[in-house]
Amino acid sequence: MAVESFNALECFIRSAEVGSFAEAARRLSITPAAVGKHVAQLEARLGVRLFQRSTRKLTLTEAGQRFLGEVGDSFRTIQYAVANLASAEGQPAGLLRVSMGTVFGRLYVLPLLGEFLRRYPAITPDWHFDNRQVDLIGQGFDAAIGGGFDLPPGVVARKLTPAHRVLVAAPAYLERHAPIHDPQVLQRHDGILIRSPQTGRVRSWPLTSRWQVQQPMQLRQAMTMSDSDAACAVAEQGLGIALVSLPFAVPYLQAGRLRRVLPDWYVDDGHISLYFSEHKLMPGKTRAFIDFVVEQFAEQGLAGRFDALQTLEVCIG
């Protein structure tokens, strides 16, 4: 395949994925004019119009949709093969684009970076910290780490840890109130709840006990926060009981700044997982990252630390 044809196909596929020559150009690190020129040359060579162009949007024609379906997977296979052949002396190499939650990434993934680069010095990390789900394929990410992501076609998930939420409060708050032994007592307490930044809603969570009994959570909504780390910081001030993701609460619990409330109860929110494109020929850099993170999470026992029923924190409630 000639370089010009390869570049034209890449410009066409990326433009189709993101719906814009300008955005495709940004992700390919070339000018929008260059993208438009490559696509026009491809259309001239094929003798068909691939896009309907307007000042507001770029949409595929029927022929463009059919062509994308025929060449998309094959082109990615060629890209992966070229990337693997280009690896430094057979070692994984290249720019590794990964998206992960801001606080979770800083607490549990960033500390792994030094050892990862010692093993794979030819890989260049390009890590993005964002609490929103990304379009893994459309935005050109090699992998993402998070919880509760929808799985679009072509994306798979590999579980890392449970995504449990727990009730926490400051020692001072618990000392001011009678012991909490039953979930029904929660309705008499100030609740610090999480409002979803995606939907704007406060989700109604059922509590699950270690005996797999479920009860509605009746914590009174005194205030809402947009993330668990903020809720932990507010709870630390003694302002109420917070329902938070356990990975965020661990540093506060270990330092004694927060304690578990009703430690036999938790909210099951699925799993925190690694997300990546499903492909039989995965780039070496991506495979290296996935295997390394899974290995490190297992060696450090993080799955157990984030399991509400295994955590060893001493709680007063």
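I take helices (H or I, at least four residues) and strands (E, at least two) as DSSP runs, numbered from the N terminus. The model is predicted, so I ask for pLDDT of at least 70 for local features and 80 or more for side-chain atom pairs, while totals for chains, interfaces and linings use all residues. Residues are numbered from 1 along each chain as its sequence is written, and side-chain values use heavy atoms, with hydrogens and water left out.

**Entry 1. Overview**

I started with the whole protein. I find 11 helices and 13 strands. The C-alpha trace spans about 80 × 45 × 30 Å along its principal axes. For burial I use relative accessible area: buried is under 20%, exposed is over 50%, and partly exposed is in between (1.4 Å probe, protein chains only). Of the 317 residues, 44% are buried. Contact means heavy atoms within 4.5 Å. Among contacts between residues at least 6 apart in sequence, 75% join residues at least 24 apart.

**Entry 2. The loop residue Gln 212**

I looked up Gln 212 in the loop between strand E8 (206-209) and strand E9 (214-216). Its phi is near 65 degrees, a positive value in a residue other than glycine. I note that most residues other than glycine have a negative phi. Is Gln 212 buried or exposed? Gln 212 is exposed, because its relative accessible area is 55%.

**Entry 3. Leu 262, another positive phi**

Leu 262 sits in the loop between E12 and E13. Leu 262 is not a glycine, yet its phi is positive, at about 50 degrees. Its relative accessibility is 4%, so I count Leu 262 as buried.

I moved to strand E6, residues 155-169. Of its 15 residues, 11 are buried, and the strand is mostly covered. Which strands pair with E6? I count two strands as paired if DSSP finds at least two bridges between them.

- Strand E13 (residues 265-277) runs antiparallel to E6, and 9 bridges join the two. Here Lys 159 stands opposite Ser 273.
- Strand E11 (residues 241-245) pairs with E6 in the antiparallel sense over 4 bridges. Arg 165 has Ser 245 of E11 as its bridge partner.
- Strand E12 (residues 259-261) is also antiparallel to E6, over 3 bridges. Val 168 faces Arg 260 in this pairing.

What does Thr 161 touch, not counting residues up to four places away in sequence? Thr 161 touches His 271, Ile 272, Phe 297, Leu 302, Ala 303 and Phe 306.

**Entry 4. Cys 232**

Cys 232 is in helix H8, residues 228-236. Cys 232 counts as buried, because its relative accessibility is 0%. I checked what surrounds this residue. Leaving aside neighbours within four places in sequence, Cys 232 contacts Val 244, Phe 248, Ala 249, Tyr 252 and Leu 258. Ala 169 is 63 residues from Cys 232 along the chain, and their C-alpha atoms are separated by 8.2 Å.

**Entry 6**

In H5, 6 of the 8 residues are buried, so the helix is largely enclosed by the rest of the structure. The buried ones are Thr 102, Val 103, Phe 104, Gly 105, Tyr 108 and Val 109.

For helix pairs, axes are lines fitted to C-alpha atoms over the stretch in contact, with angles from 0 to 180 degrees between N-to-C directions. The axes of H5 (residues 102-109) and H9 (residues 246-254) come within 10 Å and cross at roughly 55 degrees. Under 35 degrees I call a pair roughly parallel, over 145 roughly antiparallel, 65 to 115 roughly perpendicular, and the rest oblique. H5 and H9 are therefore oblique to each other.

Which residues make the contact? From H5 they are Val 103, Phe 104, Leu 107 and Tyr 108, and from H9 they are Pro 247, Phe 248, Val 250 and Pro 251. I sort residues by class: Ala, Val, Leu, Ile, Met, Phe, Trp, Tyr, Cys and Pro are nonpolar, Asp, Glu, Lys and Arg are charged, and the others, Gly among them, are polar. The contact of H5 with H9 has 8 nonpolar, no polar and no charged residues.

**Entry 5. Helix H2 against helix H3**

The axes of H2 (residues 21-28) and H3 (residues 32-46) come within 8 Å and cross at roughly 110 degrees. That angle makes H2 roughly perpendicular to H3. Phe 21, Ala 22, Ala 24 and Ala 25 of H2 meet Pro 32, Val 35, Gly 36 and Val 39 of H3.
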